[in-house]
Amino acid sequence: MNSNRAPHDQNDLEESENAEFSVDLNIKPSYSNPPPRVSQQNLGRDLADDSDVVVDDTARSNNAKKTNRSNIAMEVRNLHKIYESQAGKSVVLKGINFIIKKGEFVSIVGPSGSGKSTLLNIMGALDTPSSGKIFINNVDIFALSKSQIADMRNKLIGYIFQSYNLINRTTVQKNVEIPAIIAGMSDKQRKSRALKLLDLLGIKNKSNYKPTNLSGGQQQRVAIARSLMNNPAIILADEATGNLDTKTGEEVFELLRMLTKRYNRTIVFVTHNPELAARTDRTIFIKDGQVERESINQKYALT
Ligand SMILES: Nc1ncnc2c1ncn2[C@@H]1O[C@H](COP(=O)(O)OP(=O)(O)O)[C@@H](O)[C@H]1O
Ligand SMILES: [Mg+2]
């Protein structure tokens with residue numbers, strides 16, 4: 001008999017039963033504390049709107065045709081970064097401009113030291129620009145307060161690093177849950193969503209393992225699952241396949257492509273690998289802190 005169960009438990013149960021029949025990424029994260037409204041601008045609502053979309057091909061081609069501002073996931077505007085040290089000034093980013101559309105899979109390539117990581121770190125609000133702006137869902141992120149930036153980073157940006165950056169003393173599942181713990185998602189929804197994401201990425205059977213007991217490719221899948229946990233507006237991947245052998249790197253890359261094609265995720269993928277870059281929608285070539293050129297790539301079928 002469940003007569004003693006508190007009403008909120010019943011709601012949770014219904015939620016999890018329904019969730020079993022929904023498409024993995026079509027789950028709107030719900031938080032015990034809803035995302036705070038940022039300035040006058042509706043960061044929270046933008047995220048929720050975005051999270052509804054499991055986009056079919058029609059929506060994708062519409063997305064490509066229209067260029068109104070609501071189709072823009074991120075804008076980088078006249079970005080400069082100058083490092084100053086005793087050795088002197090080093091101008092690393094020299095006026096970078098580009099737009100990333102919602103659902104786009106964009107690669108950034110360039111020689112080592114050209115400023116790719118610096119750029120991506122600023123796009124993800126892990127670092128600040130010397131001048132210039134970043135807009136995510138049309139919000140000027142560096143105009144926000146520090147705590148709003150932290151909140152925005154947690155809810156709107158998923159980050160995937162070359163070295164995975166997992167916490168080894170806890171389980172795979174807990175690693176995936178961490179962004180949602182910070183965001184205040186309910187226990188039950190958080191756990192069920194983490195398992196669904198691990199399932200989507202083919203490593204649900206590893207959920208109770210510690211990350212160190214997984215292969216590099218499996219650890220990167222965990223990091224991808226973690227990046228998706230709060231259903232971010234954009235996923236930033238810095239050399240995400242850089243530590244993996246060719247075959248495993250290929251598999252991880254195909255997972256990211258699957259996420260953009262089937263689930264309309266917006267991904268910026270920094271890579272040294274020109275063959276992988278050519279299989280994204282568009283490549284931005286960076287040289288010496290500037291955009292050298294861009295190329296729209298030939299469409300590849302999903303393998
Ligand atoms: N914290 C820092 N202080 C000073 N210089 C830095 C710092 N971070 C990066 N740089 C310099 O900025 C340049 C671009 O680095 P980075 O963005 O890591 O390039 P990439 O990712 O394309 O290899 C390099 O010359 C690097 O030495
Ligand atoms: Mg780098």
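Helix 4 gives the largest share of the shell around ligand 1, three residues. Helices here are DSSP runs of H or I with at least four residues, and strands are runs of E with at least two, numbered from the N terminus. Helix 4 (116–123) and strand 2 (88–101) each supply at least two residues of this shell. The residues around the ligand are Tyr 83, Ser 90, Val 92, Gly 110, Ser 112, Gly 113, Ser 114, Gly 115, Lys 116, Ser 117 and Thr 118; a residue counts as near if its C-beta atom, placed from the backbone, lies within 6 Å. They divide into two nonpolar, eight polar and one charged. In this division Ala, Val, Leu, Ile, Met, Phe, Trp, Tyr, Cys and Pro are nonpolar, Asp, Glu, Lys and Arg are charged, and the others, Gly among them, are polar.

The model is predicted: local features need pLDDT of at least 70 and side-chain atom pairs count only at pLDDT 80 or more, while totals for chains, interfaces and linings use all residues. Residues are numbered from 1 along each chain as its sequence is written, and chains are lettered from A and ligands numbered from 1 in the order in which they are written.

| Strands | Sense | Bridges |
|---|---|---|
| Strand 1 (72–85) and strand 4 (131–136) | antiparallel | five bridges |
| Strand 3 (105–109) and strand 9 (282–287) | parallel | four bridges |
| Strand 9 and strand 10 (290–296) | antiparallel | six bridges |

Arg 282 in strand 9 stands opposite Val 106, and its bridge partner in strand 10 is Ile 296. Two residues lie between the strands in the hairpin of strand 9 and strand 10, where Asp 288 takes a positive phi near 50 degrees.

In strand 4, Ile 136 stands opposite Met 74. Both are among the residues in contact with Ile 234, leaving aside its neighbours within four places in sequence; contact means C-beta atoms, placed from the backbone, within 7 Å.

Terms used
Pairing = 2+ DSSP bridges. Contact = placed C-beta atoms within 7 Å.
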